[in-house]
Amino acid sequence: GTGKALIGNSTGSRIQYDGDGTLIMSASNFFLGGGGQFVSGSNGNIEISSSKFHLARNGDVTMDGVITATDGG
């Protein structure tokens with residue numbers, strides 16, 4: 001084939017690969033991952049979770065570990 005793929009509506013909710021390196025995943029609700037590590041979104045909110053980091057839908061962040069920054073400006 002061409003290396004291109006389209007699943008869904010070409011102008012709406014879809015997973016699309018253009019064959020040149022661009023991947024589009026468009027949906028009003030989504031969930032990527034599993035029970036312990038995931039990225040999720042719906043109703044204008046996003047939630048990200050891993051073993052030592054969690055960004056809740058309301059913006060609260062919980063983490064465990066060391067914070068390192070090389071530039072604050």
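This is a predicted model: local features need pLDDT of at least 70, side-chain atom pairs count only at pLDDT 80 or more; totals for chains, interfaces and linings use all residues.
Local features here need pLDDT of at least 70 and side-chain atom pairs count only at pLDDT 80 or more, while totals for chains, interfaces and linings use all residues. Residues are numbered from 1 along each chain as its sequence is written, and side-chain values use heavy atoms, with hydrogens and water left out.

Student: In which order do the three strands of the open sheet lie?
Tutor: Strands are DSSP runs (E, at least two residues), numbered from the N terminus, and two of them pair if DSSP finds at least two bridges between them. The edge strands, each pairing on one side only, are β1 (5–8) and β3 (23–26). The pairing is antiparallel and the order is β1-β2-β3.

Student: Which residue in β2 stands opposite Gly8?
Tutor: β1 pairs with β2 (residues 14–17) in the antiparallel sense, over four bridges. In β2, the residue opposite Gly8 is Arg14.

Student: How many residues lie between β5 and β6 in their hairpin?
Tutor: β5 and β6 are antiparallel partners over five bridges. Asn43, in the turn, has a positive phi of about 50°. The number of residues between the two strands is two.

Student: Which residue of β6 stands opposite Phe38?
Tutor: β5 (residues 38–42) also pairs with β4 (residues 30–33), in the antiparallel sense over four bridges. On that side, Phe38 in β5 faces Gly33. In β6, the residue opposite Phe38 is Ser49.

Student: Is Phe38 buried or exposed?
Tutor: Buried means under 20% relative accessible area, exposed over 50% and partly exposed in between (1.4 Å probe, protein chains only). Phe31, at 49%, is partly exposed. Phe38 has a relative accessible area of 15%, so Phe38 is buried.

Student: Which side chain does a polar contact of 3.4 Å join to that of Glu47?
Tutor: Glu47 belongs to β6 (residues 45–49) and is buried at 12% relative accessibility. A polar contact is a pair of N or O atoms within 3.5 Å; within protein, one must be able to donate a hydrogen and the other to accept it, and residues adjacent in sequence count only if both atoms are side-chain atoms. The partner of Glu47 is Arg57.
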